[in-house]
Every structure is written in C-alpha cells, then in structure tokens.
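Thank you all for coming.

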Amino acid sequence: MPTATLFLSGFVGLSLTVQIAISMLVLWRYRRQTLRQPATEHPALTVLRPVCGVEPGLARTLESTFTGRADEYEVIFCVAKPDDPAIPVIRDLIAARPSVCARLLVGEDRISDNPKLNNLAKGWTQARHGWIVMIDSNVLLPPDYMQTLFATWRDDTGLVTSPPVGITPVGLWANVEAAFLNTYHARWQLASDALGNGFAQGKVLFWRRDMLEAAGGLALLGRHLAEDVASTKIVRAAGLKVRVVPALFPQPLGQRQAREVWQRQVRWARVRRDGFPTLFAAEILSGGAAPALALTVLILSGVVSWLTLPVFAVVWYGAEWIVAARAGWSASAGQIGSWVLRDLLIPAIWIVSFGSRGFDWRGNQMRPIADPAVATQGPQ
C-alpha cells in the first residue's frame, strides 16, 4: 500500500479515535462527577460583573447574580464610562434588592491594555472578601452558582471556571455560535478537565484573592491577549489546577449575524495562537473537515467505498450528539447541520488567524506584549 494511502488511512482512523475518546471522557465525567457538599456556612464572596453597553437580555443575566445562596456575599457591577446605557438597568436591579450588599462602580483604572481588566480593577480593589468571582455580563447564572463554585474547589485548586453553554439560539448563525461554544470548545475543555488538565475561560474566573495577589495581582492577567490564557498559566506556574464546574453556566444567544460570529471566532483563535502556540498548530485538524477530506481522497483513489463517508459522518457527529443530549445542550437535527458548517469554518478560521497577532475589541487594539513583565507594570 502506498505511503500516502497509509498516512491518510491512519489520519482518518486516529481522528475518529480522538473524537470518540474525548466524547467518552466527557460522558465519564458527567457520570462520575458529584458535587461535594459544601459547609453549612459558605465563605464570604465578592461577585464582580463587568458591564459595557446594553446587550439583549442584559437585565435577565445581571438579575441572576442575586440568586446566589452564599451566606454572605456582595455584588459589584463595574462600568467604565459614566454615560453607559447599562447604568439605569443596574441601578434598578440594585434598588429592587435593598437587602443585598450591591454597588455600582463607574470609572476605569488602566492597569493593562485589556479594557475588561481596566474596568474590573476598581471592583477588585474595593472588594471586601477574600474569595472573588469575575463573571461576564452575558452569563446567566443558575440559582446555586455560588454553591457550585465553592463545591468545585479542592485543596489543589487555584481557579474555578466555567466555559459558556450557548442557549436559546435564534437563526442559522446563532446555532453556529452554539456549535462552537458547546460541542466544540466546551466538549474539549471538559475532556481536558477530566484528565486533570483544566484551563480557564474568561467568562467565569473564581479566585482566592490572596493567591492571585501573591502571583502579581490583577494586572498580571493582562500579559496575554486574554485573561483566560494568563489565568491558566498563573495557576499552573503555582503548581495548582484549574477546575471546571460540573454543570456549565449558560449564555443566552438570541440572534447572531455571520460577520460577528466570524470575527469572534477569529479573535478567540488568535488568543489561543498567542497563548498556546504548540496546541494551536494542530487545531486545523480538530474538526471533522480534515478527516472527511482525507477520506474523500481515499474514496476517489478507489481505496474505500463511498459508503464509508456516511458511516464516518454518523460516527463523528453521533459522538457529539450523545454528549449534547447527556449534557442537556441543543441536539436537534438543525443543530447537527450547524456542527457541519462549524467544521467547514475551522480550517478557514485557523488560516485567517495568522493574518495578524492581535485584533480590535470594542474599539481597543489588542496586541501581544513582547515582554510579559511589562504587563505587570501597566502602561507608562
């Protein structure tokens, strides 16, 4: 058998094996994962929520902040500009809950080139408690989210996180966004966590304050294009683990346009390329497009029958469907079609990500820092 044929056949077989293996890891994780019962009294907690503008469903996602069940907690909403249209929404939510210690802080402290960190800095400084969780404004928190965060923590933990699960997608491109978030990013992240190699996702970062401050403080999270990459490296450098919550926190999607989905995925790809270049190098092969192309070449060469292509598709996407169904994620026939479109986009996103080492995020030019030590000093 020619070397090229052996290579292509091996690649298809290996890809299918990995696809099935990570799906089985996630299923095994869901089967074995049980929350440790937390103490009757939770440690005091500060919840920081950075807000910028009024996104669809903002009042609902921010309101979910107050459903936590910790015995003592405070909520700090952080807004950078005094004319932000989200401010009236936040004030109404705070006024409706006078029994909760909740504050709105307005202003920006430039500790890095990352606008979210600059917005959060004032909240971190004024936080009253030793446990702090930073949660993006578009995350919808379950009623037991505080219990979940504390129960996920172990003695060897440096950070607890949750990648977002896309819910309530409306239209084709919102379903494609959900396909990226759920059975692609979240599935890989859960599989990695099951192997004890969890990594952070910036949507939810639950810290023990003294640990991050001992490492260099909040500004240190600005040494990479995104705070999740920096967080992962800080925790691992301390010999600790990033842990992922058992049931991932949802993010309502609503409608999405093709352009915004594309730009967001390219931006995240550049973040991964900057933070973990070796892993990113293999990412072009991570979807179903590359092995399907290799299988097509084998079919056209007469090595295997055309029947192997639909069998491949059933096995490949069947593995994802089983995980989605078990996790309670969207697993409709239309969603499966979005998985196919997502896999066709993965190679293109990977290639385009090499066009620049940075990106524009909400009018801010984000660029890698040549000397990571500069990030701890802030702009001069």
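This is a predicted model: local features need pLDDT of at least 70, side-chain atom pairs count only at pLDDT 80 or more; totals for chains, interfaces and linings use all residues.

**Cavities, strands and a buried helix**

The largest cavity has a volume of about 70 Å³, a volume being the space filled by probe spheres set on grid points that are joined across faces, edges and corners. Residues are numbered from 1 along each chain as its sequence is written, and side-chain values use heavy atoms, with hydrogens and water left out.

A search of the whole structure finds three cavities of 30 Å³ or more, where a cavity is a set of points, on a 1 Å grid over the protein atoms alone, at which a 1.4 Å probe fits but cannot get out, and lining residues have an atom within 4 Å of a point. The largest cavity is lined by F180, Y184, H185, Q265, A269, R272, E283, I346, I349 and W350. Helices α6 (172-194), α9 (258-275) and α13 (333-352) each supply at least two residues of that lining; helices here are DSSP runs of H or I with at least four residues, strands are runs of E with at least two, and both are numbered from the N terminus.

Let me turn to the strands. Four of the five residues of strand β7 (residues 204-208) are buried, so this strand is largely enclosed by the rest of the structure; buried means under 20% relative accessible area, with a 1.4 Å probe and protein chains only. Strand β4 (residues 131-135) pairs with β7 in the antiparallel sense over five bridges, and pairing requires that DSSP finds at least two bridges between two strands. Within β7, W207 is the bridge partner of I132. Strand β5 (residues 157-161) also runs antiparallel to β7, joined to it by two bridges, and here L205 is the bridge partner of T161.

In the loop between α6 and β7 we find Q201, which counts as buried at 14% relative accessibility. Leaving aside residues up to four places away in sequence, Q201 touches T161, S162, P163, P164, Q189 and D228, contact meaning heavy atoms within 4.5 Å.

Finally, which helix is largely enclosed by the rest of the structure? That is α4 (residues 115-126), where 10 of the 12 residues are buried, among them P115, L117 and W124.

Notes. Buried means under 20% relative accessible area, exposed over 50%, partly exposed in between (1.4 Å probe, protein chains only). On a 1 Å grid over the protein atoms alone, a cavity is a set of points where a 1.4 Å probe fits but cannot get out, and a pocket is an open set with protein on both sides within 12 Å along at least five of seven lines; lining residues have an atom within 4 Å of a point.
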